[in-house]
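Here are my comments on the model, as numbered points. Please keep the viewer open while you go through them.

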Amino acid sequence: MFNLKGKSILITGGTGSLGKALTSHILKNNPEIRRLIIYSRDEQKQFQMAQEYPDTKYPQIRYFIGDVRDKERLVRAFQGVDYVIHAAAMKHVHIAEYNPDECIKTNIGGAENVVEACFKTKVQRVVALSTDKACAPINLYGATKLTSDKLFIAANNIKGENPIKFSVVRYGNVMGSNGSVIPFFINKKKEGKLPITDPNMTRFNISLQGGVDMVMHALEHAWGGELFVPKIPSYKIMDVANAIGPECEKPIVGIRPGEKVHEEMITPSDAFYTYDLGKYYTILPATHSWKLDDYIKTFNARKVNLGFSYNSGDNTEWETIDTLRSLIKEHVDSNFKA
Ligand SMILES: NC(=O)c1ccc[n+]([C@@H]2O[C@H](COP(=O)([O-])OP(=O)(O)OC[C@H]3O[C@@H](n4cnc5c(N)ncnc54)[C@H](OP(=O)(O)O)[C@@H]3O)[C@@H](O)[C@H]2O)c1
């Protein structure tokens, strides 16, 4: 377990699905942390989170209102912070398509501001959240997250003598997170109809805890510039629908703008830089200040074959209707019944 005793961590987007799961994990496993700062815009979400984690019981926690578009505010918030986890983002594909400027300001401008605020303060490690949609992106959300990934990875090239390390964690659909398909279907089940965009659609599946574990892994082990990808199962959207509402009608409503039938996390073009770490893959940066041989030796890293790709449609690991039902009960809704 990564020892965070005496450290200060700031989570941008700390009131979101991942931010709350990270908060719970960190407070449970590292009560001796010095500070845990939640940075986000909406006071109501912070107010609600403070009911769950009051500063009377958790004196380590601080709630900081701020926008990642506001660099000065980030610089203020990062004073005395050791580690930053950057989870704040606009993440809904269709909303980003309709409001491109807003998505660019938050996801790209926000990433630039976080990097610059780190250089103006004494932050030592930074982990930024990416998404499978950033891999060979076809929508603006994915394109902005790919740009964000590049900004964080390239930040390692301009750090000079500063020992700070920036890395990125990329994964697929988080089971039960805000706005995701499983809560959507559970809600729609009441109407007897589960709209299917494309019956062939597949997605990668990770639990919130799986996401938390990856972020903690990157925070602890990154040498700087890695893009970590977990080995996770896929599901077929029809299996999700049949797991939740087998009796429901399943009208085909057509794929939405910017959606793919299958998601990718590593393309054949990335394979040249991709290493298998056992539990995770890592796409290494083309430029790095450390020695590749040392990295390979330390992590027992094996280079993947040329032409390798990691795609939700040809994954070797799959959730089934039964495994999906137990995962939904475990991670999304303990009262769930098919
Ligand atoms: N959920 C998934 O399936 C999934 C999959 C792959 C990757 N990811 C990535 O994981 C990260 C976390 O996702 P999530 O599911 O936890 O998202 P979420 O539940 O929608 O939470 C987003 C968080 O970001 C904050 N935020 C949004 N815009 C902000 C801004 N301009 N300035 C400061 N804070 C802002 C939100 O709070 P306020 O609105 O109050 O500011 C909220 O705390 C994102 O980077 C996302 O791209 C998510």
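**Notes on the ligand site and the cores**

1. Ser-177 sits in the loop between E7 and helix H7 (181–188); helices (H or I, at least four residues) and strands (E, at least two) are DSSP runs, numbered from the N terminus. Ser-177 counts as buried because its relative accessibility is 9%. Buried means under 20% relative accessible area, exposed over 50%, partly exposed in between (1.4 Å probe, protein chains only). Setting aside neighbours within four places in sequence, Ser-177 is in contact with Ser-17, Lys-91 and Pro-183. Contact means heavy atoms within 4.5 Å.

2. On provenance: this is a predicted model, where local features need pLDDT of at least 70 and side-chain atom pairs count only at pLDDT 80 or more, while totals for chains, interfaces and linings use all residues. Residues are numbered from 1 along each chain as its sequence is written, and side-chain values use heavy atoms, with hydrogens and water left out.

3. Which residues come nearest to the ligand? Of the 29 around it, they are Thr-15, Lys-45, Tyr-141, Lys-145 and Asn-178. A residue is near a molecule if one of its heavy atoms lies within 4 Å of it. By class, the shell has 9 nonpolar, 14 polar and 6 charged residues. Here Ala, Val, Leu, Ile, Met, Phe, Trp, Tyr, Cys and Pro count as nonpolar, Asp, Glu, Lys and Arg as charged, and the others, Gly among them, as polar. Helix H1 (17–29), helix H6 (140–155) and strand E7 (173–174) each supply at least two shell residues.

4. Now the polar contacts (pairs of N or O atoms within 3.5 Å). A polar backbone atom of Ser-17 is 2.9 Å from a ligand oxygen. A ligand nitrogen lies 2.9 Å from a backbone N or O atom of Val-68. The side chain of Tyr-141 places an N or O atom 2.6 Å from a ligand oxygen. The protein buries 92% of the 900 Å² that the ligand exposes when taken alone (Shrake-Rupley method, 1.4 Å probe).

5. Gly-19 lies in helix H1. It counts as buried because its relative accessibility is 1%. Its C-alpha atom is 8.7 Å from that of Ala-88, 69 residues apart along the chain.

6. The largest nonpolar core has 78 residues, and Ile-9, Phe-78 and Phe-152 have the most contacts inside it. A nonpolar core is a set of buried Ala, Val, Leu, Ile, Met, Phe, Trp, Tyr and Cys residues joined through side-chain atoms within 4.5 Å. Helix H8 (residues 208–221) gives this core its largest share, 6 residues. Another core, of 18 residues, lies apart from it and includes Met-175 and Phe-185.

How values were computed: Polar contact = N/O pair within 3.5 Å; in protein donor to acceptor, adjacent residues only side chain to side chain.
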